[in-house]
Every structure is written in C-alpha cells, then in structure tokens.
Amino acid sequence: METLIQLIVSGIATGSIYGSLGLAVVLILRSTRALNFAQGEMATFGAFVAWTLLHAGIPYWFTFLAMIPISFAGGFALHRIIVRPFEKGSFSRLVMVLLGVFVALNGLTIYIWGGIPKSLESPFRQKPFDIGGVFISAHDLGTIGVMLGILFAIYLLFNRTNLGLAMRATAENRASSQLLGIPVGLMLGVGWGLAAVVGSIAGMMIAPKLVLDPTLMLGVLLYMFSAITLGGFESPIGAVVGGLLVGVGENLLGHYVDFIGNELRLPAALFLIIMVLMIRPQGLFGRPHVQRV
Amino acid sequence: MNSRVKNLTDKLNVSPAALPRTIAVLVALALACYLPFYVTEYRTFQFSLVLLYATALLGLTVLTGRAGLVSIGHGAFVAIGAYAAGISMHEWSFEYWMAIPFGGLIGFLLGGFFGLPALRLSAHALTIVSISVALSLAPILKWKHIDEYTGGSTGLLVKPVSVPGNLALEDHQWLYFLALIVFVSALVVVLSLLSGRLGRAWTSSRDHEIAAESMGVNLAVYRTMAFAFAGLFAGLAGGLYGVLIQFISPESFTVTLSILLLTGLVVGGRDTILGVIPGAIFIEFVPIWSDDISRALPLDRDLPPGIIYGVVLISVMFLMPDGVMGAIKQAWSMGDRAIKSARRSGGVLPARKEPETVVEHGE
C-alpha cells in the first residue's frame with residue numbers, strides 16, 4: 001500500500017512536468033500551428049542556464065525568479081528570429097525548421113556546457129516526509145506545488161486578463177484578430193516566451209531527479225507526446241490531465257506489470273499513443289477533426 | 001539535326017531529346033565504377049557510406065518528398081533492416097547477399113504495417129508517431145527477452161564479407177561495388193515507381209488529398225504503399241550498414257539519424273531523385289567539415305555537428321526550399337529563358353540555324 005501511494009505521488013510529480021511541457025506545446029500548436037519539437041531542448045537549455053546562475057553563487061529562489069524573464073526573452077527571440085519567417089509557408093517546412101532548432105539547440109547545449117553531466121540541486125529538503133509510514137519525497141511535493149502554481153498562473157493569464165484574451169483570439173482566428181488591431185506577431189512571441197518559461201522551470205524541477213546532461217529531455221519528449229495525444233492535441237486541459245495520467249500510469253505499469261518493468265516504459269508510451277490514435281484520435285478532451293470540402 | 005546523331009539515337013532506341021541526359025548518366029556510372037581504384041581505401045569506404053545513405057534517402061524521397069508524409073522515424077526503419085539482416089546472418093546463417101535483400105523485405109513489410117493506420121492520422125499525429133517510433137526503438141532492441149537475438153546494448157557483430165573468388169578486388173572495393181549495386185537497383189525501382197501510377201497518386205494525395213480522393217485515388221492503399229517502399233529502401237540501407245560497418249548496436253540508430261536523413265533529403269531536394277546524392281554526401285561529410293570549420297573559426301572547442309545540421313536545415317528551408325537540385329534546376333531554367341528571349345528579341349546571340357531538311361553536304 002505504501003509503495004502504491006509513493007508511486008502515485010511520484011507519478012503525479014513527473015506527470016505535472018509532462019503536463020506542463022505538453023501544455024506549452026499545445027499552446028504553441030494552437031497559436032503558431034506548429035508542433036514545437038524543440039520544447040524539450042528549450043527546457044534543457046534553460047536548466048543549464050539555471051545551473052550556471054546557481055554556480056555563480058546566486059541563491060536558488062533568486063535564480064528561479066531570474067529564469068522567468070531570461071527564458072521569456074529567449075523564447076520570444078526564438079520565435080521572432082527563426083519561426084516567424086516560416087509561419088506562412090507549408091506545415092512540413094515549419095516542422096523541418098523546428099527539427100533544425102531541436103538539433104541546433106542540442107548541439108549548442110553540448111558546446112557551451114560540454115557533455116559531462118552536472119548536478120542541479122533541489123531546493124527542497126533531501127529527507128523524505130514520513131506520513132504514517134509512507135515516505136514521500138519532499139522534492140516530489142515541491143515539484144507538484146511549483147508546477148501546479150505555474151499552471152494556475154497560466155490559467156489566470158489566459159482567462160482573466162486582456163492579454164490572455166488577445167492571445168486566445170490570435171490562436172482562434174488570426175485574420176479576425178488582426179482586423180481588430182491585435183498585434184498578432186507580438187501575441188505569438190509572448191506564447192513562445194511563455195513556453196520557454198514553462199520549459200525552463202520544468203527542466204529545473206526534473207533535473208535533480210535525473211542527471212543534468214544534454215540528453216535530459218530526450219526521454220521526457222516521448223512521454224510529453226503521449227500526454228498531449230491522450231489529452232487531445234489542441235486542448236490545454238487535456239495536456240495537463242494527460243500528463244498526470246501518463247506520469248502515474250508509467251510508474252504503476254513499470255512497477256506492477258513485470259512484462260514492462262523498467263525497460264519497456266518508453267515503448268509502452270508509444271503503444272499508448274498508437275492506441276489512442278486508433279480508438280479515439282481526438283483524445284480525451286479534443287474535438288473530432290472535421291474536414292470541410 | 002546532325003544525321004549521324006540521328007542514326008545513333010535510332011539504333012539505341014533513345015529519343016534525341018534525352019540523349020544528353022542518357023550520356024550524363026552513363027558517364028556518371030562509369031566514374032562511379034572507376035572511383036574505388038582511384039582513391040584511397042578510406043575514401044572508398046566513405047563513398048560506400050554515401051551510397052548507403054543515398055539508398056535510404058530514396059525511401060525518404062518517396063515518402064516525404066513525393067507522398068508528402070513527413071516521417072521522423074526513417075532511421076528506425078534503417079535500424080530494422082540492419083537488425084533483420086544481422087539476425088538472419090547469425091541465426092539462420094544467411095549469406096550477406098541474401099541478408100541485405102532480407103533486410104529490405106522486412107523493412108517493406110513493417111513499413112506497410114506502420115502505414116496502415118496512416119490514413120486516419122492527421123499530419124501532426126503522423127509526425128508524433130514517427131518520432132515516437134524512433135525514440136522507443138532503442139529500448140525495444142535492448143529488451144531482455146529478445147536480447148539474445150539482438151545483442152542488447154552490446155550490439156551484434158557482423159561477419160566480414162569475402163570477395164567472390166574470381167574477382168581481382170580488395171575487400172573495401174568489393175563492398176563499394178556492393179553498395180553501388182544496391183543503390184542502382186533501388187534507383188531503377190524508384191524511377192519506375194515515380195513515373196507510373198503510384199507516383200502520380202502520391203503527388204495528388206500530397207497536394208490535395210480531398211481532391212485526390214474524389215478522383216478515385218484510394219488514399220489508404222497509396223499511403224500504405226508509400227510507407228512500405230520507404231521501409232524497403234531503408235531496410236536495404238540498413239542491411240548494407242551492417243555489412244559495411246560490421247557492427248550494429250541500438251546507439252547507431254538514434255533519433256538523430258532520422259533527423260539527419262531528413263536534413264539530407266531537404267538539402268538535396270525533397271522531391272528530386274537525383275537530390276539523394278548531394279544529400280547523402282552532405283550527411284556523410286558534414287561531421288568532418290564541422291571539425292574543419294571549428295578549426296578555422298577561433299573556437300576553443302569542437303563544434304558539435306548538431307549545430308551545423310540545425311543551421312543548415314533552417315537555412316536551406318529559407319533560401320533553397322527545393323534543395324541543391326532545385327536551385328540548380330531553377331538556375332538552369334532561368335538561364336535557358338534568358339538565352340531564348342535574347343535570341344527572340346534579336347539580341348547579342350545569333351539566331352540558331354533551322355534544321356536541314358535537305359540531304360547533308362557531305363560532312
């Protein structure tokens with residue numbers, strides 16, 4: 001029983017990371033109409049920048065706060081410089097460009113910080129909490145708190161502010177928004193900046209659990225994709241719920257199903273993706289894809 | 001037109017207009033055959049790899065260039081072909097010249113299998129599935145229940161190839177010719193595929209799938225076929241890989257390979273068959289060039305090739321979306337038009353003489 005609770009809590013923690021990254025991808029998908037393959041690498045890059053700041057002696061929570069504007073600027077710049085010229089073209093062109101960003105960012109990370117793993121400390125205490133015999137990692141609880149906080153902040157931004165409304169309008173109908181005077185390019189850039197912020201924070205949360213090296217997010221990438229597939233490609237709520245389900249499910253399957261064990265977790269995620277696309281392609285919260293002739 | 005040329009083209013059963021191109025192809029083939037005797041062993045090996053990548057790129061040209069299905073999982077099919085060939089050599093004592101086509105066959109079957117659900121997937125879903133396949137292949141290959149066949153993380157050693165008895169060739173030269181044979185065979189198959197019904201169906205389904213369907217193109221069948229043929233060529237390339245490198249492991253076939261192949265496709269020209277050669281040269285030689293570039297620039301460390309691939313991919317998409325071959329074709333046709341219009345307007349160039357219809361004057 002204790003193991004079950006531990007697995008679930010740990011699963012919610014990793015799930016919140018998958019969900020947040022998935023949310024970032026869904027936001028960009030809705031606004032820029034592109035699958036941001038580079039999301040993982042943006043997160044890794046951000047985690048490394050945070051590491052640099054931490055090792056320059058800046059206290060953790062100052063670094064955390066500093067990462068917000070820094071990553072935002074990075075994401076905004078990325079959109080303006082690289083993505084913008086290709087927005088009007090075909091989808092496959094944009095996909096190739098984003099793949100190029102993926103590879104280039106990965107290479108840049110290796111170049112700047114080298115391939116040797118570094119360690120990113122957790123700001124939360126090392127000793128687990130003992131709650132009635134169940135040991136729950138403080139870092140997991142902290143991760144859940146931070147990521148849920150971010151998700152809540154994003155919810156407030158989109159649903160309670162004018163900026164959020166403008167961004168939603170841009171994603172919904174770009175042409176009409178332009179006619180209304182909404183600066184579409186700016187809105188898209190803000191979307192990318194947000195995605196970068198979410199990515200960096202997710203990276204900072206997951207790095208203490210894994211190893212901080214350039215391959216940090218490669219594994220997470222697949223889980224993130226399964227999260228947004230399960231939730232529905234264009235649904236922000238779906239991304240979050242999907243992420244939590246994938247996080248918990250991955251832990252439970254890996255532990256209780258001997259067949260899968262630790263080795264086949266990634267292929268299990270692939271299997272999930274295929275199953276969802278076969279049975280219910282729009283995922284849990286998406287709308288069925290309708291083609292107009 | 002010169003009557004001697006006319007006699008020649010009649011005898012060869014080639015249309016006069018295609019004569020320059022046919023000659024060019026023959027010359028290129030001759031040069032390719034001459035190469036291993038002219039350059040060093042290492043260079044020959046590198047060009048064997050170029051032919052390998054070119055074969056894989058033929059598959060990607062069909063799938064992504066012609067049929068418009070962006071796949072980031074092509075490297076996984078190369079891996080499947082490599083492992084199929086390697087395992088067949090280990091478990092069933094296949095000879096290499098059976099194992100390579102076997103790799104192609106397994107690639108064809110599995111490609112078709114993955115293509116079956118492709119109709120139901122939107123473009124986004126397809127790219128996600130393809131990259132997921134590429135990401136999950138390594139854990140599957142390392143799985144403990146099959147690792148006695150796949151060699152797990154330590155990989156499989158492939159028996160070295162011996163040159164057929166009566167040929168006066170060294171090992172590395174024979175391997176090069178093996179790669180050349182595989183590539184040329186694949187090229188012939190692709191040419192006939194793309195010029196026929198399949199090619200037209202793929203073009204129409206890429207450009208406007210709804211219109212294509214309403215014209216009677218069965219999207220499900222043609223998409224499955226696209227994946228199957230992509231798998232075929234990738235599998236052949238994979239089999240070649242095992243034979244050339246003599247060692248296959250899960251680490252040889254990461255997502256990076258799939259992205260590399262896409263980059264090569266884009267550099268060469270997405271929908272051009274000839275583009276596979278510049279694309280393959282790019283894939284093989286960029287890591288070497290990136291070392292040279294790092295040394296030329298005042299950098300204190302080696303530039304990871306990833307940066308170069310990424311920058312090239314983005315630049316090519318911006319500057320030459322149709323790749324090297326596309327740029328060459330554009331330049332050619334622009335020059336052609338310029339000359340024609342100069343002629344017509346009585347410009348600098350003299351008008352061409354009209355073809356003689358009278359008997360020649362004893363040239």
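**Figure 1. The side of chain A that touches chain B**. Helix H4 (91–113), helix H9 (216–231) and helix H11 (265–279) of chain A each supply at least two residues to this side (helices are DSSP runs of H or I of at least four residues, strands are runs of E of at least two, and both are numbered from the N terminus). H4(A) gives the most, with 17 residues. By residue class, the side comprises 35 nonpolar, six polar and four charged residues; Ala, Val, Leu, Ile, Met, Phe, Trp, Tyr, Cys and Pro count as nonpolar, Asp, Glu, Lys and Arg as charged, and the others, Gly among them, as polar.

**Figure 2. Area buried between chain A and chain B**. The contact (heavy atoms within 4.5 Å) takes 45 residues from chain A and 44 residues from chain B. The buried area is about 3,900 Å², of which carbon and sulfur atoms give 80%; this is the accessible area (1.4 Å probe) that two parts lose on being put together, summed over both. In chain A, Met96(A), Tyr111(A) and Met278(A) lose the most area to chain B, together 18% of what that side buries.

**Figure 3. Surroundings of Thr55(B)**. Thr55(B) lies in helix H3 (residues 41–66) of chain B. Its relative accessibility is 0%, so Thr55(B) counts as buried (under 20% relative accessible area; exposed is over 50% and partly exposed in between, with a 1.4 Å probe and protein chains only). Leaving aside neighbours within four places in sequence, Thr55(B) is in contact with Val182(B), Phe183(B), Ala186(B), Phe233(B), Leu236(B) and Ala237(B).

**Notes.** Residues are numbered from 1 along each chain as its sequence is written, and chains are lettered from A and ligands numbered from 1 in the order in which they are written. In this predicted model, local features need pLDDT of at least 70, side-chain atom pairs count only at pLDDT 80 or more, and totals for chains, interfaces and linings use all residues, while side-chain values use heavy atoms, with hydrogens and water left out.
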